[in-house]
Structures are given as C-alpha cells and as structure tokens.
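Please keep the sequence and the 3D view at hand while reading.

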Amino acid sequence: MPQRIAIVTGSARGIGAGVAKRLAANGMAVAVLDLKEADCADTVSEIEKAGGKAIAVGADVSQADQVEAAVAKVVSGLGEPTVLVNNAGVIRDNMLFKMTESDWDTVLGVHLKGAFLMTRAVQQYMVNAKWGRVVNLSSTSAVGNRGQVNYSAAKAGMQGFTKTLAIELGKFGVTANAVAPGFIATDMTAATAARVGVSFEDFKKGAASQIPVQRVGAPEDIAAAISYFTSEEAGFVSGQVLYVAGGPVS
Ligand code: NAP
C-alpha cells in the first residue's frame, strides 16, 4: 500500500496540530496548512522529530485561488492527497442583535465555504485513487449555543455537507464523516474565556463540572476519533457525525 498523503487545515495549533501529529504517527505524509506558512513550522518540526514526513503550506481556506495553489503545492511537495481534514476555524461570537454582517460572513466563509473549496480541490485525487477519506469538524454548538448563531449555523451546515459528500463520493471509495467536539482546551476556548471575563483555569473547571466524564477534552481526544475515520478499516463507515464531548449531546 502506498503512503497516504493527508491535508489538515488549521493545523498550526490546537486540534489541527494534534490531528496532523496523529496522522503522521499513523504513517501518513501530512501537509500542515494554516493561514501563514511560517506558523506551521512548529507542527512540521514536531512531526519530523518523531520520524514523520510533513510540509508547511500557507493558505486562507476561504479563498478559492489560495486553495487551488495550496493543493498544487501539496501535489508537487508530497504527492496526490487522498485524506482531507477540514479543521480550520474561527469564532466571532455575539448575540444576534449585536452580530455584524462581517462576523457572519467570516465564520460561514472559513468553516463552510473553506470546507467546500478544499474538498472540491482535493476530490479529484481521491476519485483517481478510488480511495479517500474526508473528515469535517462540526461541534456540539451545531445543536444550538447562545451567542453563536453564526458558528452554530456553520457547524450544523458541516453535518449536511458531510452527509452529501458521503452520498456523492461513496462510489469512488471515498468516505466522509464529521467529528463534533465538545469543550476542547485550545486557544479558541481560551478566547471564549477571555470574552466572558473568566480565567481559563476557572472556565475549564466550570465546563468540566458539566461534562459526564468530569474533564474537558484535549486535541488528542479529537485526533483519536479522526485517526479511526481516516483508517483503512473504516471504509464502511460514512456520512456519520461522531460527538466527542465526554457525554451525550442533545
Ligand atoms: P484554534 O486553536 O483557534 O485553531 C484554529 C486554526 O485554524 C488556527 O491555526 C487558525 O489560524 C486556523 N485558521 C483560521 N482561519 C483560517 C483560514 N481562513 N484558513 C486557514 N486556516 C485558518 O481552534 P481549535 O480549537 O483547534 O479548533 C479547530 C476546529 O475544531 C475548528 O473548526 C473549531 O470550530 C472546531 N471545534 C473546536 C472546539 C473547541 O472546544 N476548541 C469545539 C468544537 C469544535 P490562525 O492562528 O492564524 O488564526
């Protein structure tokens, strides 16, 4: 079996960095893609230090021309990608009555349009290989979360996007699944703590007390789920949404 080539968007830090390291440890060559190529250096060097193969790619996933150029760079630098993790994300939280059009467009642009552009650019290589794995990051916010009308709409949209990809691409040996994390300790949740005026430690403690397993998640928890969805043996699992939240989500 040839070495699989994966692209993980938003993998300079947070969940994406955890996923990139895990897929590299699983034997894949990984394109570490983020807004700024220089920001990808830490993830790339950690992968290389552990004996893996990775390259850094800078691109804004919400811009079609940058996405096309980034995927071309992956093809020339590593080979044809057949694993794609659409992880890049931003938050612009606000109550509906205070939310600006730009808050809405930015969040929908990065999560939903970004996933669309990346998947459209990569699918040809999966179809050629008659094998592929797409994993999209949704969120427990998809079922509704105060102050996140934009993010919640985007993350619910990721679920419909995933299911349709599964239907369209299944006959080419390509699966598409979504992972919907609960509270994961990253810069994103640290930013939320700062916005509500609570220290990150107290914010995590408060969140953990509401979670059945009594702890917040780590990027490695999400990487483990994505490791399964992108594995060779997961070929009959497609169009699913897996909540990874330390408990059930309703
Ligand atoms: P994070 O720490 O903020 O990391 C997100 C990464 O995405 C950053 O490196 C960021 O780059 C990059 N990014 C942002 N906009 C981009 C763009 N237009 N093009 C390319 N890269 C871009 O966030 P995280 O917590 O790891 O979240 C990762 C994913 O999981 C997101 O989709 C998020 O919505 C989802 N999620 C997170 C949680 C959680 O509790 N943390 C829960 C549910 C779902 P910059 O550093 O340059 O901004």
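A crossover is called right-handed if, with the strands pointing away from the viewer, the path from the first strand over the helix to the second runs clockwise. Strand E5 (residues 132-137), helix H5 (residues 149-169) and strand E6 (residues 174-181) form such a right-handed β-α-β unit. Helices (H or I, at least four residues) and strands (E, at least two) are DSSP runs numbered from the N terminus. The model is predicted, so local features need pLDDT of at least 70 and side-chain atom pairs count only at pLDDT 80 or more, whereas totals for chains, interfaces and linings use all residues. Residues are numbered from 1 along each chain as its sequence is written, and side-chain values use heavy atoms, with hydrogens and water left out.

- Strand E6 is mostly covered, since eight of its eight residues are buried; buried means under 20% relative accessible area, exposed over 50%, and partly exposed in between (1.4 Å probe, protein chains only).
- In a regular strand the side chains alternate between the two faces of the sheet.
- In E6, Val174, Ala176, Ala178 and Ala180 point one way, while Thr175, Asn177, Val179 and Pro181 point the other way, and all are buried.
- Strands E5 and E6 run parallel and are joined by six bridges; two strands pair if DSSP finds at least two bridges between them.
- Ala176 in E6 is the bridge partner of Val134.
- Strand E7 (residues 241-244) also runs parallel to E6, joined to E6 by four bridges.
- Leu242 in E7 stands opposite Val179.

**Helix packing**

- Two packed helices are described by the angle between their axes and the distance between the axes.
- Axes are lines fitted to C-alpha atoms, for helices over the stretch in contact, and angles run from 0 to 180 degrees between N-to-C directions.
- The axes of helix H4 (residues 101-129) and H5 come within 9 Å and cross at roughly 15°.
- H4 is therefore roughly parallel to H5; angles under 35 degrees count as roughly parallel, over 145 as roughly antiparallel, 65 to 115 as roughly perpendicular and the rest as oblique.
- H4 passes H5 in a right-handed crossing; a crossing is right-handed if the near helix is turned clockwise from the far one by less than a right angle, and left-handed if anticlockwise.
- The axes of H1 and H2 come within 10 Å and cross at roughly 25°, so these two helices are roughly parallel to each other.
- The crossing of H1 past H2 is right-handed.

**Salt bridges**

- The structure holds seven salt bridges; a salt bridge is a side-chain nitrogen of Lys or Arg within 4 Å of a carboxyl oxygen of Asp or Glu.
- One of them joins Glu46 to Lys21, with the closest N and O atoms 2.8 Å apart.
- This pair links distant parts of the chain, as Glu46 lies in helix H2 (residues 41-49) and Lys21 in helix H1 (residues 14-25), 25 residues apart.
- Glu46 is partly exposed at 38% relative accessibility, and Lys21 is partly exposed at 31%.
- Lys204 and Glu201 meet in another salt bridge (3.1 Å, N to O); because they are three residues apart in helix H7 (residues 200-209), about one helical turn separates them.
- Asp221 forms a salt bridge with Arg215, the closest N and O atoms being 2.9 Å apart.
- Asp221 is partly exposed at 25%, as is Arg215 at 42%.
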